[in-house]
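Work through the following exercises with the model at hand. Each task is followed by its solution in steps.

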Amino acid sequence: MRCPYCGSFDDKVTESRQLANGESIRRRRECLSCGQRFTSFERIEQLPFMVIKHDGRREPFDRAKIAKGIERALEKRPVATDLKDQIISEIEDEAYTIGKATREIATTDIGEIVLKRIHSVDKVAYIRFASVYRKFNNLEEFINEVKRISSDDGENS
């Protein structure tokens, strides 16, 4: 490790500590040339978790995109902020679980996970999200979806 003060490569580790549940290590070092102390961090290099788009492109998974969709769907709905955060975390966890083997997941799978989570929290938010996700082309499709979730509620009661 190069000393940030004098540029020397001669140093010794004086202390090591695990951070972030063992996923990184913080090391205190002392330069043998100038005597200055400095800190270095060691982390496991992880492959990015990818999302397969409708057109076949792949892009890194972005929790913020899910959060944005959830926020829009739940806008002006009586849902606590901590519940929104919990929903987003559950969606992220389920997406990682589904795509664990290949380190990727299709946007359609993410959309279905989001629909399932929102459906259990707020039916209006579900319809808002479904209308965008399922790309309703006309009022009839919208009404059919409302009727479908209304009949689902009747069965669950």
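**Exercise 1. Determine the handedness of the crossing of H2 and H3, then describe the contact.**

Step 1. The crossing of H2 and H3 is right-handed; a crossing has this hand if the near helix is turned clockwise from the far one by less than a right angle, and is left-handed if anticlockwise. The model is predicted: local features need pLDDT of at least 70, side-chain atom pairs count only at pLDDT 80 or more, and totals for chains, interfaces and linings use all residues. Residues are numbered from 1 along each chain as its sequence is written, and side-chain values use heavy atoms, with hydrogens and water left out.

Step 2. Helix H2 covers residues 81-98 and helix H3 residues 107-119; they pack at an angle of about 145°, with axes 10 Å apart. Helices (H or I, at least four residues) and strands (E, at least two) are DSSP runs, numbered from the N terminus. Axes are lines fitted to C-alpha atoms, for helices over the stretch in contact, and angles run from 0 to 180 degrees between N-to-C directions.

Step 3. On the H2 side the contact (heavy atoms within 4.5 Å) is made by Ile87, Glu90, Ile91, Glu94, Ala95 and Ile98, and on the H3 side by Ile113, Val114, Lys116 and Arg117. These residues divide into six nonpolar, no polar and four charged.

**Exercise 2. Find which residues touch the most other members of the largest nonpolar core.**

Step 1. A nonpolar core is a set of buried Ala, Val, Leu, Ile, Met, Phe, Trp, Tyr and Cys residues joined through side-chain atoms within 4.5 Å. Of its 26 residues, Ile66, Ile70, Val114 and Ile118 touch the most other members.

Step 2. Two or more residues each come from helix H1 (63-73), H2, H3 and helix H4 (123-133).

Step 3. Beyond its neighbours within four places in sequence, Ile66 is in contact with Phe61, Ile88, Ile91, Ile110 and Val114.

**Exercise 3. Find which residues the ring pairs link into a cluster.**

Step 1. The whole structure holds three aromatic pairs (ring centres within 6.5 Å; planes under 30 degrees apart are stacked, over 60 edge-to-face, the rest tilted). Phe49 and Tyr96 form a tilted pair, 4.3 Å centre to centre with 40° between the planes.

Step 2. Phe49 lies in the loop between strand S3 (37-43) and strand S4 (50-52), and Tyr96 in helix H2, 47 residues apart. Phe49 is buried at 5% relative accessibility, whereas Tyr96 is partly exposed at 32% (buried is under 20%, exposed over 50%, partly exposed in between, with a 1.4 Å probe and protein chains only).

Step 3. The rings of Phe61 and Tyr96 have centres 5.3 Å apart and planes at 55°, so this pair is tilted.

Key
Ala, Val, Leu, Ile, Met, Phe, Trp, Tyr, Cys and Pro count as nonpolar, Asp, Glu, Lys and Arg as charged, and the others, Gly among them, as polar. Rings of Phe, Tyr and Trp (its six-membered ring) pair if their centres lie within 6.5 Å; planes under 30 degrees apart count as stacked, over 60 as edge-to-face and the rest as tilted.
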